[in-house]
Amino acid sequence: MKTIKADIEAFLATATEVLKAQGLLDVVSVLKEAAPTVEETGFDRWDGGTPVWTIYLWVDSALFAHLGAQREELESQVAECLKPIIEPHDEDWFKVKIVPQLSQNIDWRHRDFGVPEAIRRNIIDGLKIENVNWRGRLNDIEFLERMFDLKSMPTYDSRYSDAYGDIWQHTINNDDYEDDWIYTDKRFGLIAGDAAVFLRFLCETVHPVVRADRNDALKIVQNFNDQLRQCGWELVEEEMIAGRPRYTPRRMSDASQQSVSRARKVADALSARWMHNEIIRLENAVERDPALAIGTAKDLVESCCKSILEKRNVPVPKNANLQKLSKLIATELKLVPQGISDEAKGAETIRLLLSNLSSITHYTAELRGLYGSGHGRDGKHRGLEPRHARLAVGAAVTFIDFVTSTYKKQSDNEQDD
């Protein structure tokens, strides 16, 4: 006789096959990622007593966060699927919970959450490949003194009392250090040290005093940002010095993150599971794959419109495009301010505004065919950038936030009546 606790892998394997056949691929992907455990978490004493088991599906903390409000629905889908699979073998009761795996980082209080080592190495490798001299037109001492008090740092050469004398001897007097010695010198910690030091180092390499050619600095910054955006950082212009920009690091937790947060609230308000899937894809793609993010923003607007129209029992033509959907929404929700003298003009203005908002995602998505990853373009071709994605995402979220708020307000008023 099989039991929930002893044979959970066999039960989950069968459930995965059933769910896959039903086309529920989101929950299938979660089951494949999860590490299951089974614990007795209750006991019902009625009619002789029945144990109550909890099937814990342990997933990566990032996946747990991305699932958001969708977790309860996925848990319900797994439980409903498991019920007919388990019943012939075990009559005990059970429930399913998706939970985050515990971190194995025992030094988490001191962990640097800034720039991972892999990203730093990629940036340094890029500098080497492009033959970029990190110190620019300065010598090693002149560059490093812009960031460090070399006379208070330890020496590796017993003839000298501090790092200043050590570095002077081996980079200026004898010049027997390799050009890229700085990257592996543990005194400066560029590979494994404080992220703030690493980011400031990058900014100094493109400072106008260090690198006079503005075009060279811009190219280097673009290469830096291609890597840094993967971990939520970017270098941005802060001020101009003699007509040349000075750069500073900035956390990318503002516009794109706020948009994703607002989009999640919309999806929760509409109880739209498929919108959650699009939001997860959107969040992962804004900085890493702008073309995908733009297309997903367009899909998000369409999903929102169709969800509201469905809830209002409004038929939607199969071939309805984004402009058609926005017109249907404007008509159904009567998106006209009350109490204005020229209601018709107000209706037309708002209709055009909503249409233009949705058109941003529609027409930007079309640009993917011109600036995406097509073939036969010359080496100077550059694809869509994260700034384009943030424009489309911001417009999409503004649109769905407005129409959803209107829908909820009207629904509440109708219930009160």
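## Confidence in the model

The structure is a predicted model. The chain has a mean pLDDT of 81, and 80% of its residues reach 70 or more. Among the elements of the chain, α6 has the highest mean pLDDT, at 96, whereas helix α15 (residues 368-371) has the lowest, at 59. Over residues 372-381 the pLDDT falls below 50, and this stretch has eight contacts in the model beyond near neighbours in sequence.

## The nonpolar cores

In soluble globular proteins, nonpolar side chains tend to be buried together. In this model, the largest nonpolar core has 40 residues. The residues with the most contacts inside this core are Val115, Leu144, Ile182, Phe188, Phe201, Phe224 and Leu228. Two or more residues come from each of α5 (117-129), α6, α7, α8, α9 and β4 (233-241). Helix α8 gives the most to the core, with six residues.

Leaving aside neighbours within four places in sequence, Phe224 is in contact with Ile123, Leu127, Leu202, Thr205, Val206 and Leu235. Another core, of 37 residues, lies apart from the largest one; Leu270, Val286, Leu333 and Tyr407 are among its members.

## Aromatic pairs

A pair of aromatic rings is described by the distance of the centres and the angle of the planes. The count of aromatic pairs in the model comes to nine. One of them joins Phe148 and Phe188, whose rings are edge-to-face, with 4.8 Å from centre to centre and 65° between the planes. This pair links distant parts of the chain: Phe148 is in the loop between α6 and α7, Phe188 is in the loop between α7 and α8, and the two are 40 residues apart. Both Phe148 and Phe188 are buried.

The rings of Tyr183 and Phe201 have their centres 6.3 Å apart, and their planes meet at 85°, so this pair is edge-to-face. Tyr183 belongs to the loop between α7 and α8, while Phe201 lies in helix α8, 18 residues away. Tyr183 and Phe201 are both buried. One aromatic cluster is formed by Trp134, Phe143, Phe148, Tyr177, Trp181, Tyr183, Phe188 and Phe201.

| Charged residue | Aromatic residue | Charged end to ring centre |
|---|---|---|
| Arg135 | Trp134 | 5.7 Å |
| Lys151 | Tyr164 | 5.0 Å |

At the start of α7, a side-chain oxygen of Asp162 reaches to within 3.1 Å of the backbone nitrogen of Tyr164. Within the helix, Ala163, Gly165, Asp166, Ile167, Gln169, His170 and Thr171 are buried. The cover over the buried residues of α7 includes α6. After α7 comes Asp175, whose phi is positive, near 55°.

Tyr156 lies in the loop between α6 (140-144) and α7 (163-173). Which residues does Tyr156 contact, leaving aside its neighbours within four places in sequence? They are Asp166, Asp185, Lys186 and Arg187. Tyr156 and Asp166 are 10 residues apart in sequence, and their C-alpha atoms are 6.6 Å apart in space. The side chains of Tyr156 and Asp185 are joined by a polar contact of 3.5 Å.

## Residues in other loops

His207 is placed in the loop between α8 (195-205) and α9 (214-228). Is His207 buried or exposed? His207 counts as buried because its relative accessibility is 8%, and buried means under 20%. Leaving aside neighbours within four places in sequence, His207 is in contact with Arg146, Ile241 and Arg246. The side chains of His207 and Arg146 form a polar contact of 3.3 Å.

Two asparagines can be described in like terms. Asn131 has a positive phi of about 55° although it is not a glycine. Asn131 lies in the loop between α5 and α6. With a relative accessibility of 69%, Asn131 counts as exposed. Asn313 has a positive phi near 60° and is likewise a residue other than glycine. Asn313 is found in the loop between α12 (290-311) and α13 (322-332). Asn313 is exposed, with a relative accessible area of 69%.

Conventions:
Residues are numbered from 1 along each chain as its sequence is written. Side-chain values use heavy atoms; hydrogens and water are left out. Helices (H or I, at least four residues) and strands (E, at least two) are DSSP runs, numbered from the N terminus. Contact means heavy atoms within 4.5 Å. A polar contact is a pair of N or O atoms within 3.5 Å; within protein, one must be able to donate a hydrogen and the other to accept it, and residues adjacent in sequence count only if both atoms are side-chain atoms. Buried means under 20% relative accessible area, exposed over 50%, partly exposed in between (1.4 Å probe, protein chains only). A nonpolar core is a set of buried Ala, Val, Leu, Ile, Met, Phe, Trp, Tyr and Cys residues joined through side-chain atoms within 4.5 Å. Rings of Phe, Tyr and Trp (its six-membered ring) pair if their centres lie within 6.5 Å; planes under 30 degrees apart count as stacked, over 60 as edge-to-face and the rest as tilted. A charge sits over a ring if NZ of Lys or CZ of Arg is within 6 Å of the ring centre and within 35 degrees of the ring normal. pLDDT is the predictor's confidence in each residue, from 0 to 100.
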